[in-house]
Amino acid sequence: MNLSDSQTAIPDPTPPPRRVSAMEAVLSHLRAAIERGEYAVGDKLPSEAELCRRLEVSRPVLREALRALQTMGLTVSRTGKGTFVVSDGAVPDPTFGDYAASDLLEVRRHIEIPVAGYAAERRTPEDLDRLGHLLERMERETDTTAWVAMDTLFHLAVAEAARNPVFRRVIEEIRDALARQSAFLTDVGGRREQSNREHRAIVEALVEQSGQDAAEAMRHHLARVESTLSTIVRPAHRAAPADGAADPEERR
């Protein structure tokens, strides 16, 4: 396209659609089958070997999808017996470890938003170095397990920068649940890149020592967490492709 000297190309504000992973495709396929009644409440899902064969995916991919189904409250795994359907619709308030998602979000809104504000006012150069290095590692990391571990460390580091040990103790208490929720949202909701951008906005506010901007950045971060979670647990309206897999190169 030719533009005159006075014209400026306007970038497309709409980001390209996120590529669906093999695990997400398998999850969508199984979830839709349950919601359509192909697997009724009380039914046992086919064995892992059979599902891998049908869906043409590896066992690790399938197991991630099965864990997500269980987190959604659709299935339960019984040792030595298999996976059974316990609901035909995802629970609106999934549980992560010992805590329900709604309880986690309520506490985080009341704790982490003001904590971010305090951290902006009280942070030290050492705090900024720690958060900056952690953020850089997270932005380079591609392994979900490693990224999730750093995600929880990030929120602990912000709490430490607030210079109140009670705040850190609260985050420590819910750390396992935060990690489980983070892994779920990353695997199913593709939150990693978006979360990295939100974390960077928090750090930038801390650098500027703006308590208001830091609190607002954390508020936005938690709102996006809640929005993604709500989107995931909504009823599925359509199934994935018949084979339930993503692009062939992503299946293994």
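Residues with under 20% relative accessible area are called buried, those over 50% exposed, and those in between partly exposed. The views below show a predicted model.

**View A. Salt bridge between Glu 48 and Arg 63.** The closest N and O atoms of Glu 48 and Arg 63 are 2.9 Å apart. Glu 48 belongs to helix H2 (residues 48-55) and Arg 63 to helix H3 (residues 59-71), so the pair ties together parts that are 15 residues apart in sequence. Arg 63 has a relative accessible area of 39% and therefore counts as partly exposed. Glu 48, at 26%, is partly exposed too. A search of the whole structure finds 18 salt bridges.

**View B. Salt bridge between Arg 130 and Asp 127 within helix H5.** In this pair the closest N and O atoms lie 3.1 Å apart. Both residues are in helix H5 (residues 125-140), where three residues, about one turn of the helix, separate them. Asp 127 is buried, with a relative accessible area of 2%, whereas Arg 130 is partly exposed at 38%. Arg 130 and Asp 127 are also members of a network of salt bridges, whose other members are Glu 160, Arg 163, Arg 168, Glu 172 and Arg 175.

**View C. Salt bridge between Glu 198 and Arg 191.** The closest N and O atoms of Glu 198 and Arg 191 are 2.7 Å apart. Glu 198 has a relative accessibility of 5%, so Glu 198 counts as buried. Arg 191 is buried as well, its relative accessible area being 4%. Arg 191 is also one of the residues touched by Val 225, which is shown in the next view.

View D. Leaving aside residues up to four places away in sequence, Val 225 touches Leu 105, Gln 181, Leu 185 and Arg 191. Val 225 and Gln 181 are 44 residues apart along the chain, and their C-alpha atoms are separated by 9.3 Å.

**View E. Hairpin of strands S1 and S2.** Strand S1 (residues 75-78) and strand S2 (residues 82-85) run antiparallel and are joined by four bridges. Arg 78 has Gly 82 in S2 as its bridge partner. Three residues lie between the strands of the hairpin, and Gly 80 takes a positive phi near 80 degrees.

View F. A search of the whole structure finds one cavity of 30 Å³ or more. Helix H6 (144-161), helix H8 (175-189) and H10 each supply at least two lining residues. H8 gives the largest share of the lining, five residues. By residue type, the lining divides into seven polar, four nonpolar and three charged residues.

How values were computed: Residues are numbered from 1 along each chain as its sequence is written. This is a predicted model: local features need pLDDT of at least 70, side-chain atom pairs count only at pLDDT 80 or more; totals for chains, interfaces and linings use all residues. Side-chain values use heavy atoms; hydrogens and water are left out. A salt bridge is a side-chain nitrogen of Lys or Arg within 4 Å of a carboxyl oxygen of Asp or Glu. Buried means under 20% relative accessible area, exposed over 50%, partly exposed in between (1.4 Å probe, protein chains only). Contact means heavy atoms within 4.5 Å. Two strands pair if DSSP finds at least two bridges between them. On a 1 Å grid over the protein atoms alone, a cavity is a set of points where a 1.4 Å probe fits but cannot get out, and a pocket is an open set with protein on both sides within 12 Å along at least five of seven lines; lining residues have an atom within 4 Å of a point. Grid points are joined across faces, edges and corners, and a volume is the space filled by probe spheres set on the points. Ala, Val, Leu, Ile, Met, Phe, Trp, Tyr, Cys and Pro count as nonpolar, Asp, Glu, Lys and Arg as charged, and the others, Gly among them, as polar.
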